[in-house]
Amino acid sequence: LARSRKLGIFLGLVTAASFAILTLMGQPTWGIETPAAQEIGQEFIPEEGVGPIRALPYDELRPGVYNTAQFTLPARPNKFERIFAEFKARVETEKKLPNAQGFWVVEEWQDNLKKLTLRITWEEPGRKKEETAFDKVVYLHYDSGYSSGE
């Protein structure tokens, strides 16, 4: 019986193999690599969900520029300082970002609204300075309720 259906069996096997290969290629890890700085930004300010930065208490977001190179964790850190220390460790241990520095810029944007810019810079020979920087911005409102778990 199979001898008379060679073409049908061949096409069926090709179709099954194609489905298997295309399924594997459709996986999130297939051939796509997110840039390291963008991956760090996504960890701290995810596109979906709250994430560590949005969950920070609003009152701990004091306007200023926070630099990982100049930051040391105090003996009794608040939540902002603990999350910034995690950010610092993540930036400084990322092998794909040579001589990386991280910054958080917190600004009073409007009444009860603060803007936090997460910035990562690194050195890469042969690339322009603007090509070796990553920024991600989030606006945090006093009434958002993220930090209280609402």
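1. A salt bridge here is a side-chain nitrogen of Lys or Arg within 4 Å of a carboxyl oxygen of Asp or Glu. With that cut-off, a search of the whole structure turns up eight salt bridges. Before we get to them: this is a predicted model, where local features need pLDDT of at least 70, side-chain atom pairs count only at pLDDT 80 or more, and totals for chains, interfaces and linings use all residues. Residues are numbered from 1 along each chain as its sequence is written, and side-chain values use heavy atoms, with hydrogens and water left out.

2. Now the sheet. It is open and has four strands in the order S1-S2-S3-S4, with antiparallel pairing. At the edges sit strand S1 (64-67) and strand S4 (133-141), each of which pairs on one side only. Neighbouring strands are turned by 15 degrees against each other on average, direction ignored. On terms: two strands pair if DSSP finds at least two bridges between them. Helices (H or I, at least four residues) and strands (E, at least two) are DSSP runs, numbered from the N terminus.

3. How many bridges hold S2 and S3 in their pairing? Strand S2 (residues 101-110) and strand S3 (residues 113-121) pair in the antiparallel sense over nine bridges. The two strands form a hairpin with two residues between them, and Asn112 in the turn has a positive phi of about 60 degrees.

4. S1 and S2 run antiparallel and are joined by four bridges; Gly64 has Val106 in S2 as its bridge partner. S3 and S4 are also antiparallel, joined by nine bridges, and Thr117 has Val137 in S4 as its partner. As background, strands of a sheet pair through backbone hydrogen bonds, either parallel or antiparallel.

5. Leaving aside neighbours within four places in sequence, Phe103 is in contact (heavy atoms within 4.5 Å) with Val65, Tyr66, Asn67, Phe87, Thr117, Leu118, Arg119 and Thr121.

6. Which helix touches S1, S2 and S3? Helix H4 (residues 79-93) packs on the sheet there, and its direction makes about 140 degrees with that of S2. Angles of this kind run from 0 to 180 degrees between N-to-C directions, with axes fitted as lines to C-alpha atoms, for helices over the stretch in contact.

7. S4 shows two faces. Phe134, Lys136, Val138 and Leu140 make up the covered face, while Ala133, Asp135, Val137, Tyr139 and His141 make up the uncovered one. In a regular strand the side chains alternate between the two faces of the sheet.

8. Back to the salt bridges. Arg119 pairs with Asp135, the closest N and O atoms being 2.5 Å apart. That links distant parts of the chain, as Arg119 is in strand S3 and Asp135 in strand S4, 16 residues apart. Both ends are partly exposed: Arg119 has a relative accessible area of 34% and Asp135 has 38%.

9. Arg127 has two partners worth a look. The side chains of Glu124 and Arg127 meet in a salt bridge (3.3 Å, N to O), and Arg127 also forms one with Glu131, where the closest N and O atoms are 3.7 Å apart. Arg127 is partly exposed at 39%, Glu124 is partly exposed at 30%, and Glu131 is partly exposed at 38%. Elsewhere, Glu39, Glu43, Arg90 and Glu94 are linked in a network of salt bridges.

10. Last point, the surface. Ile21, Leu22, Leu24, Met25 and Trp30 form a nonpolar patch with about 530 Å² of accessible area together. Patch members have over 30% relative accessible area and no salt bridge; like charges are joined within 9 Å, nonpolar side chains (Val, Leu, Ile, Met, Phe, Trp, Tyr) within 5 Å. Areas come from the Shrake-Rupley method with a 1.4 Å probe, and for residues only the protein chains shown count as cover. Leu24 is in helix H1 (residues 6-25) and counts as exposed because its relative accessibility is 52%.

Key. Buried means under 20% relative accessible area, exposed over 50%, partly exposed in between (1.4 Å probe, protein chains only).
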